[in-house]
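I opened a new structure today and kept notes as I went. Here is what I looked up, entry by entry.

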Amino acid sequence: MKTVLKKILLCISFIIVVGGISTAAVWADMQARSRLCRGVRVHILNEQQVQFVTKQSILAALDKAQLNPQGKPLAEIDTDIIEQYIASSEFMENVECYIDAHNFFVIEASQLVPVLRVFDGNRSYYVNREGKCMSAAKSYHVDVPVVEGHFSRQWPPTKLIPMLDYVAADKALNQLVTMWVVRDSCNVCFVPSIRGHIVNMGSPTDYQSKFAKLMKFYKDVLSVKGWETYTEISLKWNYQVVGTLRNKKPLTEPDYDPDYDDQAPDVASIDMEQLKREDSIASASANNAKLKKKS
């Protein structure tokens, strides 16, 4: 009898607990639906480093997309959708959204930090370390290495980043390199601050030894032969530096063609010049004859 009574009491207790939990869940859901978002707080974590977006521009973008959560019930706000929308902007690198304990919708965003700028024909864009691209505009400028060339998914600009970091960390190389010119994946060149030539690094690998060879070549060869002796210095091959000699054309006077010369003398003036020369020759001959007679 006691055993049966215990089982009945346990069942009743279980029903009470489950009912209480269900009631609490319903009550919490009703409370959540009744609570409204008090506002949006935007924190741009790296606004001192770069300035591509502002808090106002983020809020304006949310208004335009009809995603601004302010005044909406908390239960109806989809944090993931808002986060994905903000992160899809080319100006954003990282975005995190959440609702805080005071019922504010919080946006913590990091702007894209460019590490290089690419000029590809008429197009110009910035690239961050993860390879995300951001269109360049006249309204903002970031002082990063400049690269001219065409890239693809198979050959992205991020392939250059380790070499660019190496140059940036070396004071002498940082002063030497002015810009990069990428012809293809095996011909990555840079324009040095030393006038008269371009340097071909080949592929962007083994760059430490390549730069060491270049500095030795500058010291031992160009300092003797002259800085404009070569048009291109190639570091593509191991254990050697190949220089392309500058083609020196001899200076020659162009052929005179009066038909293509606006200041060419006409026929009459040419005849007058000829007559003057003949008169001078005749006068000289006469003077010589007089001198002979006197002697």
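**Entry 1: terms.** I number helices and strands from the N terminus, taking them as DSSP runs: a helix has at least four residues and a strand at least two. I also keep in mind that this is a predicted model.

**Entry 2: the largest pocket.** I looked up its volume and found about 260 Å³ of space. The lining has 15 residues, and those closest to the pocket centre are Val144, Pro145, Leu164, Ala168 and Asn174. Which element gives the largest share of the lining? I found α4, with five residues. I also noted that α4 and β8 each supply at least two residues of the lining.

**Entry 3: the sheet.** I followed the strands next. Nine of them form an open sheet with mixed pairing. I wrote down the order as β6-β5-β4-β7-β8-β9-β10-β11-β12. Which strands stand at the edges? They are β6 (133–135) and β12 (242–245). Each has a single partner strand, so one side of each is left without a neighbour in the sheet.

Entry 4: I picked β7 (residues 146–149) and β8 (residues 177–184). They pair in the parallel sense over three bridges.

Entry 5: I returned to α4, residues 161–169. This helix lies across β4 (116–120), β8 and β9 (187–192). It runs at about 165° to β8. Then I looked at α6, residues 207–225, which packs on the sheet. I listed its touching strands as β8, β9, β10 (198–200) and β11 (230–234). The direction of α6 makes about 150° with that of β11.

**Entry 6: Ser124.** I found Ser124 in strand β5, residues 123–127. Is Ser124 buried or exposed? Its relative accessibility is 16%, so I count Ser124 as buried, since the cut-off for buried is under 20%. Leaving aside neighbours within four places in sequence, I listed its contacts as Arg117, Val118, Phe119, Ser135 and Ala136. With Arg117, the side chain of Ser124 makes a polar contact of 2.8 Å.

**Entry 7: Thr205.** I located Thr205 in the loop between β10 and α6. At 45% relative accessibility, Thr205 counts as partly exposed. I then looked up Lys236, 31 residues apart from Thr205 along the chain. Their C-alpha atoms are separated by 9.7 Å.

Methods
Residues are numbered from 1 along each chain as its sequence is written. This is a predicted model: local features need pLDDT of at least 70, side-chain atom pairs count only at pLDDT 80 or more; totals for chains, interfaces and linings use all residues. Side-chain values use heavy atoms; hydrogens and water are left out. Two strands pair if DSSP finds at least two bridges between them. Contact means heavy atoms within 4.5 Å. Axes are lines fitted to C-alpha atoms, for helices over the stretch in contact, and angles run from 0 to 180 degrees between N-to-C directions. Buried means under 20% relative accessible area, exposed over 50%, partly exposed in between (1.4 Å probe, protein chains only). A polar contact is a pair of N or O atoms within 3.5 Å; within protein, one must be able to donate a hydrogen and the other to accept it, and residues adjacent in sequence count only if both atoms are side-chain atoms. On a 1 Å grid over the protein atoms alone, a cavity is a set of points where a 1.4 Å probe fits but cannot get out, and a pocket is an open set with protein on both sides within 12 Å along at least five of seven lines; lining residues have an atom within 4 Å of a point. Grid points are joined across faces, edges and corners, and a volume is the space filled by probe spheres set on the points.
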